[in-house]
Amino acid sequence: SGESGAGKTESTKLLLQHIMNLCKGNSQLERQILQVNPLLEAFGNAQTAINDNSSRFGKYIQLRFQNNTVQGAKLSEYLLEKSRVVQQDIGERNFHIFYYMFAGLSSEEKEMYGLLDPSLYRYISGRFGTSDAAQCWKHKYQEVCNALDMVGFQEQEQVDMQTILAGVLSLGNVTFEPEESDGSVKVSEVSQGWLKAAAVIPYSPWSPSVSCCCSLCIDARDSIAKVAYGRVFGWIVWKINELLAENVDPEVELREIGILDIFGFENFAVNRFEQLCINLANEQLQHFFNHHIFQLEQAAYKEEELPWETITFNNNEPILNLLLAKPLGLLSLLDEQSAFPQATDKTFVDKLNSSFKASLHFQPGRGRVLCFSIIHYAGKVQYTAGGFLEKNRDTLPANVHGLFINSITPLLSALAVLCLAGLLIFLCPHQHSLMMLMERLYSANPHFVRCIKPNSQKEPGVVDSQVVLQQLRYNGLLETIRIRRDGFSWRPSFEEFAER
């Protein structure tokens with residue numbers, strides 16, 4: 001754990017390499033496990049204002065062993081930031097894979113996928129990069145292709161995947177205009193070409209007979225793009241798990257090491273619904289850390305009746321209650337408002353202001369921007385409330401599910417069928433996803449790797465002591481040092497002690 005840009009993903013890769021080396025094997029499976037990372041980074045990471053390779057999802061990697069040899073692996077992914085597909089803030093980029101494709105595909109391949117100059121696409125803000133960046137992305141694209149081959153993706157599957165991604169980009173350029181005769185909405189004349197290029201993605205809801213406003217059509221277009229991308233990502237994870245599953249007798253008991261690499265705490269100039277979800281996950285991890293390091297430790301000393309001066313620590317339980325309590329926590333109120341068709345982001349914020357006016361960890365927004373602030377364990381974050389209800393609903397237009405099934409691209413159609421069959425779950429509610437993760441963590445024997453960011457400028461070899469000290473304080477690491485120094489580092493069982 002640690003802030004965005006502190007080195008969690010890089011540490012995870014090093015830890016995986018170390019474990020594979022300790023296995024002293026050289027199997028195909030071990031090489032495949034190591035190839036998973038560049039694949040997931042390409043589709044799940046993006047440049048943000050504070051991190052050039054920021055994980056926009058959380059991943060839990062389970063490694064399964066028999067006789068010190070890895071026998072299989074399983075990935076679980078949490079909270080992919082699908083909204084990045086259709087919108088990025090200033091200084092940010094879309095997911096890496098889009099840029100890798102533009103840099104790495106040949107002219108013939110681009111023509112096959114219907115890809116034009118990257119400056120034309122709204123979903124990547126018309127920005128591409130320098131020639132140096134393009135060279136780097138070209139190399140990264142080859143790494144992705146090698147990883148897809150190594151993990152076991154068929155050539156046609158890779159073609160279908162890139163066809164969908166190219167279709168998503170073209171879909172973003174489709175615009176709408178009112179039909180003069182009856183007031184309904186149609187695809188604008190200037191974007192008919194983009195609609196044809198996006199033909200792999202279903203688009204029937206926008207026929208001239210649909211009577212709704214342009215903004216609803218835009219919402220539907222963006223929803224379809226997000227779901228299409230989310231399903232491709234979920235399918236990659238599902239396919240990886242299928243290929244890396246252990247092939248041993250079910251009766252054999254396997255031992256397991258799990259590694260959690262999850263997005264770090266974020267505080268941008270503009271913080272949205274995604275940052276709230278990310279920071280909630282970090283609040284829960286901090287509480288998990290406090291529970292193991294302070295509460296369980298001191299309870300053991302009390303049970304043994306040892307002389308002990310209780311160490312106080314910054315308990316973030318009140319913040320979790322503010323966010324998660326039922327029926328009056330922030331997320332419960334958000335769900336309640338999301339269920340009302342007449343509710344707006346403003347009615348949601350008004351509800352928060354009236355419900356939490358006495359809370360020490362909540363501050364109402366000031367000024368014209370619709371916002372509110374949460375005093376997190378890592379500091380105060382102001383959230384812009386626009387879009388909260390829509391993103392929490394995370395819904396598709398009702399008539400689109402069938403269109404996915406009837407898509408002319410076999411992969412997109414297959415993903416829709418798998419989703420309906422319950423084999424792929426892409427729209428797992430945010431709270432449920434986090435709850436499953438925390439249940440898994442509490443059942444494990446945890447070891448904590450705290451990553452500390454040395455400076456805020458993304459500079460190598462520079463240590464800003466104030467930035468470091470701030471992280472040590474809010475992470476509870478100074479109190480952890482005290483409890484480790486004053487406590488009992490070695491605690492043998494009676495049998496071990498007697499033997500010694």
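Author: Let us start with a definition: two residues are in contact when they have heavy atoms within 4.5 Å of each other. By that rule, and not counting residues up to four places away in sequence, Glu3 touches Lys8, Gly264, Phe265, Cys451, Lys453, Gln471 and Tyr474. This is a predicted model, in which local features need pLDDT of at least 70 and side-chain atom pairs count only at pLDDT 80 or more, while totals for chains, interfaces and linings use all residues. Residues are numbered from 1 along each chain as its sequence is written, and side-chain values use heavy atoms, with hydrogens and water left out.

Reader: Thanks! Why does Glu3 count as buried?

Author: Buried means under 20% relative accessible area, exposed means over 50%, and partly exposed is in between (1.4 Å probe, protein chains only). Glu3 has a relative accessibility of 17%, so Glu3 counts as buried. Glu3 is found in the segment before helix H1 (8-23); helices here are DSSP runs (H or I, at least four residues), as are strands (E, at least two), and both are numbered from the N terminus.

Reader: What makes Ser4 buried?

Author: Ser4 has a relative accessible area of 3%, so Ser4 is buried as well. Ser4 too is placed in the segment before H1. Leaving out residues up to four places away in sequence, Ser4 touches Ile50, Asn51, Ser54, Gly264, Phe265, Glu266 and Lys453.

Reader: Which residues does the UniProt annotation "binding site" cover?

Author: The record, an unreviewed entry, gives Gly2, Glu3, Ser4, Gly5, Ala6, Gly7, Lys8 and Thr9. UniProt positions follow the numbering used here, feature names are shortened, and annotations may be inferred rather than shown by experiment.

Reader: On to the rings. What makes Phe95 and Tyr229 an aromatic pair, and of which kind?

Author: A pair of aromatic rings is described by the distance of the centres and the angle of the planes. Rings of Phe, Tyr and Trp (its six-membered ring) pair if their centres lie within 6.5 Å; planes under 30 degrees apart count as stacked, over 60 as edge-to-face and the rest as tilted. The structure holds 23 such pairs. For Phe95 and Tyr229 the values are 4.9 Å centre to centre and 10 degrees between the planes, and the pair is stacked. Phe95 is in the loop between strand S4 (69-78) and helix H3 (96-104), and Tyr229 is in helix H8 (residues 214-244), so the pair ties together parts 134 residues apart in sequence. Phe95 and Tyr229 are both buried.

Reader: And what kind of pair do the rings of Phe273 and Phe388 form?

Author: Their centres are 5.4 Å apart and their planes stand at 80 degrees, so this pair is edge-to-face. Phe273 lies in helix H9 (residues 273-303) and Phe388 in helix H13 (residues 388-393), 115 residues apart. Phe273 has a relative accessible area of 4% and is therefore buried; Phe388, at 0%, is buried too. Both belong to one aromatic cluster that also includes Phe348, Phe356, Phe362, Phe372 and Tyr383.

Reader: How do you know that Arg450 lies over the face of Phe289?

Author: A charge sits over a ring if NZ of Lys or CZ of Arg is within 6 Å of the ring centre and within 35 degrees of the ring normal. Arg450 is at 4.1 Å from the ring centre of Phe289, over its face. Likewise, Arg93 lies over the face of Tyr99, at 5.3 Å from the ring centre.

Reader: How many residues does the largest nonpolar core have?

Author: A nonpolar core is a set of buried Ala, Val, Leu, Ile, Met, Phe, Trp, Tyr and Cys residues joined through side-chain atoms within 4.5 Å. The largest one has 72 residues, and those with the most contacts inside it are Leu39, Phe43, Ile97 and Ile240. Its largest share, twelve residues, comes from H8. A second, separate core of 42 residues includes Leu276, Ala343, Val349 and Tyr377.

Reader: How many disulfides are there?

Author: A disulfide is a pair of cysteine sulfur atoms within 2.5 Å, and the count by this rule is zero. Cys371, at 3% relative accessibility, counts as buried, and so does Cys451, at 8%.
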